[in-house]
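These notebook entries record what I looked up in one structure, entry by entry. The structure itself is shown first.

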Amino acid sequence: MEQTALSRRLREPGPKRLLALDGGGIRGLVTLGYLSAIESILRHRSGRDDLVLSDYFDLIGGTSTGAIIASLLALGYPISKILELYRAVGHDAFQPQRYWLGALGRLLKARFQEAPLEKLLKQFMGDRTLASKDLRSGLMIVAKRADTGSVWSLLNLPEQKFYSMNKDLPLWEVVRSSTAAPTYFNPQFIPDVGAGEAAVFVDGGVSMHNNPALQLLLVATLEGYGLQWPLGEENILLCSIGTGSFFKVPRREALRGYNNLQWAGLLISQLMNDASELNQTILQWLSTSPNAPAIDLQIGNLSGDRPGAATLLHYMRYDIPLLKQSLSDVGLDYEEKRVQELWEMSDVRNVADLEMVGLAAAAKQVRDEHFPSVFDRRPPVP
């Protein structure tokens, strides 16, 4: 097997750094606020103004909007450039479908055209594939294969079992598969995912891995994925970043009148929250975490709990509840109605406010000491 710069990096001894990015549509701007703060910290520490996050993180993974950001980070884009894309996404990518059947058409068809989003992805990713040598770090993109019901972690790791089948897939198409949120965009049809087999993908967020942090840890450490990086508090750093959390809880009186469509929407949303909370619980249980929040009133932040004698990783989770009080705590004063408007993952009117939310939350939460010096690495010479 050819030894590329990436494969040599993935095999070099020493601690490894992982970055996991949630799905959430245009709320990826919140993620970028956190990433901007992390990039600034690492640039100051390294003394390099041109450092990008793929110089630090060895394996970057994302779901949906997180897959877009993860791919661009792996390609070496600075946060300032990715912000340009997201501002363009806000104005260009969410183009409503044209409905010929009025309300019935809106019910039967996806809300947005896929062509504008595909154009933007191609603009930034070109004709690169999963095997592109331009990818400077390991990359994981989570998508849900609808025609088999399986979750796919699409990887650029040569040792991975299905790499030879998937390596020639266009990067933009893989990312588009991860962002095909049901009802928002049409599914992504790929005519050949290997051995001449066609596949239909929808957004990875409709799996257990809208928060892909636990899956990224499995990719980094399980034998089946080929890396098998050793676990340990000074061996694995995992940084997980959300897109602003919220939890829709209708009033009891309202629930009594819900129809089947309303129940379906509510329960899908609650299942996604349950999956993210389970991710968070397991990772805090396994790790040392300098900013671990309380999971609930029953188990707290798990600081006194471990599955055994060893701590398996160093872990941080950054996110902000999109609630009036939480936003006020970081210096942003919004009316309740405006706060709830920020929840919608396709509302382009929220671009400027979501960018402010991410920056304000990061200024309050992200700290230099969260990234222990044992995980410092010398960036490659440009």
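Entry 1, terms and ground rules. I take helices (H or I, at least four residues) and strands (E, at least two) as DSSP runs, numbered from the N terminus. I count two strands as paired if DSSP finds at least two bridges between them. The model is predicted, and local features need pLDDT of at least 70, side-chain atom pairs count only at pLDDT 80 or more, and totals for chains, interfaces and linings use all residues. Residues are numbered from 1 along each chain as its sequence is written, and side-chain values use heavy atoms, with hydrogens and water left out.

Entry 2, strand β1. I looked up the partners of β1 and found that six bridges join β1 to strand β7 (residues 236-241), with the two running parallel. Within that pairing, Leu 19 stands opposite Cys 239. I also found β1 paired with β2 in the parallel sense, over four bridges. There, Leu 18 has Leu 59 of β2 as its bridge partner. For burial I use relative accessible area: under 20% is buried, over 50% exposed, and in between partly exposed (1.4 Å probe, protein chains only). Six of the six residues of β1 (residues 16-21) are buried, so the strand is largely enclosed by the rest of the structure. I noted that Lys 16, Leu 18 and Ala 20 point one way from β1, while Arg 17, Leu 19 and Leu 21 point the other way.

I placed Thr 63 in strand β2 (residues 59-63). Thr 63 is buried, because its relative accessible area is 0%. I then listed its contacts (heavy atoms within 4.5 Å). Not counting residues up to four places away in sequence, Thr 63 touches, among others, Leu 21, Asp 22, Ser 178, Asp 203, His 209 and Pro 212.

Where is empty space left? I note that rolling a probe the size of a water molecule over the atoms shows this. A cavity is a set of points, on a 1 Å grid over the protein atoms alone, where a 1.4 Å probe fits but cannot get out; lining residues have an atom within 4 Å of a point. Grid points are joined across faces, edges and corners, and a volume is the space filled by probe spheres set on the points. My search of the whole structure gave one cavity of 30 Å³ or more. The largest cavity holds about 160 Å³ of space. Its lining has 16 residues, and Gly 25, Ile 68, Phe 94, Thr 179 and Phe 185 lie nearest its centre. I sorted the lining into eleven nonpolar residues, four polar and one charged, with Ala, Val, Leu, Ile, Met, Phe, Trp, Tyr, Cys and Pro counted as nonpolar, Asp, Glu, Lys and Arg as charged, and the others, Gly among them, as polar. Helices α4 (65-74) and α5 (79-93) each supply at least two lining residues, and α5 gives the most, with three.

In α4, ten of its ten residues are buried. After α4 comes Gly 76, with a positive phi near 95 degrees. In α7 (residues 115-125), the buried residues include Pro 116, Leu 120 and Phe 124. Gly 126 follows α7, and its phi is positive, near 60 degrees.

I located Leu 342 in the loop between α14 (336-341) and α15 (351-365). Leu 342 counts as buried because its relative accessibility is 0%. Leaving aside neighbours within four places in sequence, its contacts include Arg 27, Tyr 334, Asp 353 and Val 357. Leu 342 and Leu 323 are 19 residues apart in sequence and 9.6 Å apart in space, C-alpha to C-alpha.

Key: On a 1 Å grid over the protein atoms alone, a cavity is a set of points where a 1.4 Å probe fits but cannot get out, and a pocket is an open set with protein on both sides within 12 Å along at least five of seven lines; lining residues have an atom within 4 Å of a point.
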